[in-house]
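Open the model in your viewer and keep the sequence panel in reach. This tour moves from one selection to the next.

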Amino acid sequence: MATIRATCAECGDVEMTSDDVVVRVCVDTGAGTYTFRCPECRVAMAKDAEPRVVELLIASGVKLHRWHLPAELDEIRVGKPISHDDLLDFHRLLTDETRLEAELGRMVEG
Ligand SMILES: [Zn+2]
């Protein structure tokens with residue numbers, strides 16, 4: 001188990017083991033980060049990682065987590081963006097139990 005040195009925003013340079021760090025790489029963009037919980041203040045940290053840092057951490061025994069961008073990013077959007085008024089209308093609709101039940105029933109029935 002390798003010793004990993006990282007920098008906590010509050011505590012400065014800290015040391016931990018490779019089991020305390022996770023490397024995350026986005027399969028779609030190739031962007032890499034590493035995450036850890038500071039061994040001194042326990043704050044969770046996430047830092048950008050260049051490809052050579054990702055390779056070094058993986059070679060040191062750090063776990064690799066690959067992830068994909070959410071599929072919603074590929075959805076085609078139509079209409080105007082949601083406004084503050086739209087959110088207020090939605091909130092009012094959610095408090096109308098009769099209408100909510102009717103709308104949910106309509107969704108379930110298709
Ligand atoms: Zn800290």
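What follows is a walk through a predicted model, from domains to sheet, helix and core.

**Domains.** Select residues 3-68 and colour them as domain 1. Then select 81-109, which is domain 2. The centres of the two domains, taken over C-alpha atoms, are 42 Å apart.

**The sheet.** Now show the strands. Four of them make an open sheet in the order β5-β4-β3-β6, and the pairing is mixed.

**Strand β3 and its partners.** Select 21-26 for β3 and 32-37 for β4. These two strands run antiparallel and are joined by five bridges. Click V21: opposite, in β4, stands F36. Next, select β6. Five bridges also join β6 to β3, but here the strands run parallel. For a landmark on this side, pick R24, which faces H65 in β6.

Is β6 largely buried or in the open? None of its five residues is buried, so β6 lies largely in the open.

**The helix.** Select 51-59, helix α1. Helix α1 lies across β3, β4, β5 and β6. Its direction is at about 135 degrees to β3.

**V54.** Stay on α1 and pick V54, a residue of this helix. Why does V54 count as buried? The reason is that V54 has 20 C-beta neighbours inside 10 Å, and 20 is the number at which a residue is called buried. Show its contacts beyond four places in sequence: V23, V25, G32 and A49. Then draw a distance from V54 to T33. Their C-alpha atoms are 7.7 Å apart, although the two residues are 21 places apart along the chain.

**The core.** Which residues form the largest nonpolar core? Select I4, V21, V23, Y34, V54, L57 and V62; these seven make it up. Colour the core by element: β3 and α1 are the ones that give two or more residues to it.

**Last stop: V62.** Keep the core shown and centre on V62, one of its members. Leaving out residues up to four places away in sequence, V62 touches S18, V21, V22, V23 and L57.

Methods:
Residues are numbered from 1 along each chain as its sequence is written. This is a predicted model: local features need pLDDT of at least 70, side-chain atom pairs count only at pLDDT 80 or more; totals for chains, interfaces and linings use all residues. Domain bounds come from an automatic or database domain assignment. Helices (H or I, at least four residues) and strands (E, at least two) are DSSP runs, numbered from the N terminus. A residue is buried if 20 or more other C-beta atoms lie within 10 Å of its own, exposed if 12 or fewer, and partly exposed in between; C-beta atoms are placed from the backbone. Two residues are in contact if their C-beta atoms, placed from the backbone, lie within 7 Å. Two strands pair if DSSP finds at least two bridges between them. Axes are lines fitted to C-alpha atoms, for helices over the stretch in contact, and angles run from 0 to 180 degrees between N-to-C directions. A nonpolar core is a set of buried Ala, Val, Leu, Ile, Met, Phe, Trp, Tyr and Cys residues joined through C-beta atoms within 7 Å.
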